[in-house]
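This report goes through one structure part by part. Please keep the sequence and the 3D view at hand while reading.

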Amino acid sequence: MSGKDLLVPFDHQQSAHCESGVLSNLMNFHGLKVSEPMAFGIGSGLFYSHMPFLKMNGIPVTSYRILPGWIFDRFSKRLNVRMKRNKFRTPQQAMDELDAVLEKGLPVGMLTSVFYLPYLPKAFRFHFNGHNIVVFGREGDEYLVSDPVMDGTTRIHRAALMRARFAKGMPNIRGRMYYPVEVPQDVDLVSAGMKGLKRTARDMANTPLPMFGAKGIGFLSKKLRNYEKDLGEKGARAALGNLIRMQEEIGTGGAGFRFMFAAFLMELGQKAGRPEFRDHALRMTAIGDQWRDFAYEAGRLCKGRAEAHITYASLADKLRDLGVQETHFFKDLARSLS
Amino acid sequence: MKKEEVPQDDANLLEGKFKVVKYALNDKGEFEKVPSVGWEPENVALEQAWDVVNEKVESTRRAVLAGELSPLAYHMEKNMMDPGLLGKHVGSSARRVRKHLSPKGFAELDKDQLVRYAEALLITVDELKTVPQ
């Protein structure tokens, strides 16, 4: 079973989020220096949606970002990066192809299920088949892993990696792997960043459906107001807890990607010579702080330790205000870009 | 969020394995990645999610001991699966899996089927046939 040892000299940088982190690390390897917030922003990663009709473990999905994989796609399109992407019929084929690409001296990104990654802390291992990692070498039956949410690199046994790459469910990942085959070196990060920013501002301010964009926040606020009545105390708490997790748990960098987005605004403003972007960034940071307040109070309510003034209605008010502020913010932002 | 405001509420959920990073403003007014061991609301929400899972596992375990369900039901819950997801792992339909969740349906499983279930649930066939007392 053991193939020959391989080591690709890969520089692992810890990131807040797996998709933007893998993207940033892979690009850096290929000579295109781009920070995680820039990768996130160029890929128009920020979004908001609350979809009552789409449930995971019986709880409606709330998301603070665009769909998995879209950051990669938009980033690649805007910077003319060419990615090779594979899916496989069998785990054996998936591992053979991984070995073949490593042999060429290339690090490989791939989708995994966190449930089957033994190196992660137990508490985070739910069935989620969308976790991006990079494999950059192998030693005997172990593969060397750069998991962007970790501070250092780690290892995984071949059998465990096969399982993590072929976890069933939503989505059926079937060994999905990807690696850049063409990365232009003389790119215009400013122009790509402006395109990414415009798209985010437009989608957040103007998506016509009620559950998407900044409007989606107000949409959820209305639901949240009736959670206790509609779902019962226990169900309401579970749904609230889920909101906190989507907003804050491993991967968002705080406040549902709002801080990472503010970091992107600052960096882009500096690169583009647009000092007013700093003001936008600080305004978004203040909005992010209010998201944090919301999560803090929601946490008190979940634990049953909330002061009397914290109720589902007061949280719904906070959310409604956040929706209004984000709507104004993204409209102003879109206007300043046109 | 300022750098010094990045919470460090350790509930040992990361098992000391690593710290996660948050984006926060440093004293120069720029964002930087700041390590964090956790934050109270996140810890609460995550523990609550596990409580739901653990309650389900425990009630299933009792139902198995009471002879109402087969051990397969317990191990399925332990792996946080439903009949649909488990079915995909063993190449079977949710309906067939559901049948095997009853003691009677489980008793009819042959060796091959038991092995397939055990592999999908990361246990041995002997473990698959029992639940903790």
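## Domains of chain B

The model described here is predicted. The domain assignment divides chain B into domain 1 (3–38) and domain 2 (56–128). Between the C-alpha centres of domain 1 of chain B and domain 2 of chain B there are 41 Å.

## Domains of chain A

Chain A is also assigned domains: domain 1 (10–182) and domain 2 (189–337). Taken over C-alpha atoms, the centres of domain 1 of chain A and domain 2 of chain A are separated by 25 Å.

Contacts link the domains of chain A, with 30 residues of domain 1 of chain A touching 37 residues of domain 2 of chain A. On the side of domain 1 of chain A that touches domain 2 of chain A, at least two residues each are supplied by α2 (36–42), β2 (46–56), β3 (59–65) and α3 (70–79) of chain A. Strand β2(A) has the largest share of that side, 7 residues. Sorted by class, the side of domain 1 of chain A that touches domain 2 of chain A holds 17 nonpolar, 10 polar and 3 charged residues.

## A hairpin in chain A

Strands β2(A) and β3(A) pair in the antiparallel sense, over 6 bridges. One bridge joins S49(A) to its partner S63(A) in β3(A). The strands β2(A) and β3(A) form a hairpin that has 2 residues between them, and N57(A) in the turn has a positive phi of about 55°.

Helix α6 (residues 189–206) of chain A has 18 residues. From its first C-alpha to its last, α6(A) reaches 25 Å, close to the 26 Å expected at 1.5 Å a residue. Which residues of α6(A) are buried? They are L189(A), A192(A), G193(A), G196(A), L197(A), T200(A), A201(A), M204(A) and A205(A). In an α-helix, residues three or four places apart point the same way, because there are 3.6 residues a turn. The cover over the buried residues of α6(A) includes α2, β2, α3, α7 (214–225), α9 (258–272) and α11 (312–337) of chain A.

In helix α5 (residues 158–165) of chain A, the buried residues are L161(A), R163(A), A164(A) and R165(A). Elements covering them include α4 (91–103), β5 (108–112), β7 (142–146) and β8 (154–157) of chain A.

## Nonpolar cores

In soluble globular proteins, nonpolar side chains tend to be buried together. The largest nonpolar core in this model has 112 residues. Those with the most contacts inside this core are V108(A), V135(A), F259(A), M260(A), A262(A), L265(A) and A298(A). Helix α10 (residues 276–303) of chain A gives the most to the core, 10 residues.

What is M260(A) in contact with, leaving aside its neighbours within four places in sequence? The contacts are A16(A), P37(A), F40(A), G253(A) and Y23(B).

## Where the chains meet

In the contact between the chains, 31 residues of chain B touch 37 residues of chain A. The elements giving two or more residues to the chain B side are β1, β2 (31–36), α1 (40–65) and α3 of chain B. Helix α1(B) provides the largest share of that side, 10 residues. The residues of the side of chain B that touches chain A divide by class into 20 nonpolar, 2 polar and 9 charged.

Residue S59(B) is found in helix α1 of chain B. S59(B) counts as partly exposed, because it has 13 C-beta neighbours inside 10 Å. In sequence, S59(B) and Y74(B) are 15 residues apart, while in space they are 8.9 Å apart, C-alpha to C-alpha.

The phi of E15(B) is near 55°, a positive value in a residue other than glycine. E15(B) sits in the segment before β1 (20–25) of chain B. Is E15(B) exposed or buried? E15(B) has 11 C-beta neighbours inside 10 Å, so it counts as exposed. M80(B), which is not a glycine, has a positive phi of about 55°. M80(B) is found in the loop between α2 (71–78) and α3 (83–90) of chain B. M80(B) counts as partly exposed because it has 15 C-beta neighbours inside 10 Å.

Notes. Residues are numbered from 1 along each chain as its sequence is written. Chains are lettered from A and ligands numbered from 1 in the order in which they are written. This is a predicted model: local features need pLDDT of at least 70, side-chain atom pairs count only at pLDDT 80 or more; totals for chains, interfaces and linings use all residues. Domain bounds come from an automatic or database domain assignment. Two residues are in contact if their C-beta atoms, placed from the backbone, lie within 7 Å. Helices (H or I, at least four residues) and strands (E, at least two) are DSSP runs, numbered from the N terminus. Ala, Val, Leu, Ile, Met, Phe, Trp, Tyr, Cys and Pro count as nonpolar, Asp, Glu, Lys and Arg as charged, and the others, Gly among them, as polar. A residue is buried if 20 or more other C-beta atoms lie within 10 Å of its own, exposed if 12 or fewer, and partly exposed in between; C-beta atoms are placed from the backbone. A nonpolar core is a set of buried Ala, Val, Leu, Ile, Met, Phe, Trp, Tyr and Cys residues joined through C-beta atoms within 7 Å. The expected span of a helix is 1.5 Å times one less than its number of residues. Two strands pair if DSSP finds at least two bridges between them.
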